[in-house]
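Please look over the sequence and the 3D structure shown here before reading on.

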Amino acid sequence: MTALWEAQQQLNAPHTRTSKIRALQESAALFSFLQANGIQSMQQLHEKIADMNSRYYDLRGKIVKAERRITTLTERGEMWEQYNQYKSIHKQLAKVKPEKREQFEQRHSRELILYDAAARYLKELKDSGEAITPKAWQREIDQLAAGKQTDTLAMKSMREDLKAVERLRKTAEQLSRQERDKSHDREPER
């Protein structure tokens, strides 16, 4: 790992003061990462990268699952609101005298169509065994959104760590290639 660190220093050979400072900061961060994770070999580095990638994509899957659930619950809530918004128009229709019913339906066709769509949606939901619980839906949306926000922040942090570890891995591979090339150059011709 010491050789890896030195090789990275040589590959990053900074030319300006700013690039020297940036390279030093990056090297310190990488060295700190290696120490903090107890990485002393390339095998351990590769295992750590695989583990980090696995956790990253698990977290990403969790976020996508939460987003899908939020979408479903939001749709349910919107249909519930639509149902309630146009319920009074539907009730008025039942009270309208038969000779004025067609005129009322024409005047309120949009509202009646939206009410019917919402009523059908909620009936299908209820028939499938789901309870109509708008307040519980909203609570779940709030919980999922909070969890999603926390997971997104963790994922961004993980992304930065993954970038740093990938840079370290690339440097290690370059060092390994250089060592192989040197050993090939030293072998005597047959």
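Predicted model: local features only at pLDDT ≥ 70, side-chain atom pairs only at ≥ 80, totals over all residues.

Residues are numbered from 1 along each chain as its sequence is written, and side-chain values use heavy atoms, with hydrogens and water left out. The protein has six helices and zero strands, where helices (H or I, at least four residues) and strands (E, at least two) are DSSP runs numbered from the N terminus.

**Overall picture**

- Read from the N terminus on, the elements run α-α-α-α-α-α.
- Of the 190 residues of the protein, 25% count as buried; buried means under 20% relative accessible area, exposed over 50%, and partly exposed in between, with a 1.4 Å probe and protein chains only.
- Among the contacts with a separation of 6 or more, 73% are between residues 24 or more positions apart, a contact being heavy atoms within 4.5 Å.

**How helices pack**

- Helix 3 and helix 4 pack at an angle of about 160°, with their axes 9 Å apart; axes are lines fitted to C-alpha atoms, for helices over the stretch in contact, and angles run from 0 to 180 degrees between N-to-C directions.
- Helix 3 and helix 4 are therefore roughly antiparallel to each other, since angles under 35 degrees count as roughly parallel, over 145 as roughly antiparallel, 65 to 115 as roughly perpendicular and the rest as oblique.
- This contact is made by Ile-89, Gln-92, Leu-93 and Ala-94 of helix 3 together with Arg-101, Phe-104 and Glu-105 of helix 4.
- By class, the residues of the contact of helix 3 with helix 4 are four nonpolar, one polar and two charged; here Ala, Val, Leu, Ile, Met, Phe, Trp, Tyr, Cys and Pro count as nonpolar, Asp, Glu, Lys and Arg as charged, and the others, Gly among them, as polar.
- The axes of helix 4 (residues 98-107) and helix 5 (residues 109-127) come within 5 Å and cross at roughly 80°, and the two helices are therefore roughly perpendicular to each other.
- Glu-105, Gln-106 and Arg-107 of helix 4 meet Ser-109, Glu-111 and Leu-112 of helix 5 in this contact, which has one nonpolar, two polar and three charged residues.

**Nonpolar cores**

- The largest nonpolar core has 14 residues, and those with the most contacts inside it include Phe-33, Ile-39, Met-52 and Val-165; such a core is a set of buried Ala, Val, Leu, Ile, Met, Phe, Trp, Tyr and Cys residues joined through side-chain atoms within 4.5 Å.
- Two or more residues of this core come from each of helix 2 (17-36), helix 3 (42-95) and helix 6 (134-186), and helix 3 gives the most, with six residues.
- Apart from this core lies another, of nine residues, among them Ile-70, Met-79, Leu-125 and Trp-137.

- Trp-137 is found in helix 6 and is buried, with a relative accessible area of 4%.
- Leaving out residues up to four places away in sequence, Trp-137 touches several residues, including Leu-73, Trp-80, Leu-122 and Ile-132.
- The C-alpha atoms of Trp-137 and Thr-72 are separated by 9.5 Å, although these residues are 65 residues apart along the chain.
- Asp-151 is also found in helix 6, and at 12% relative accessibility Asp-151 counts as buried.
- Beyond its neighbours within four places in sequence, Asp-151 is in contact with Leu-59, Lys-62 and Ile-63.
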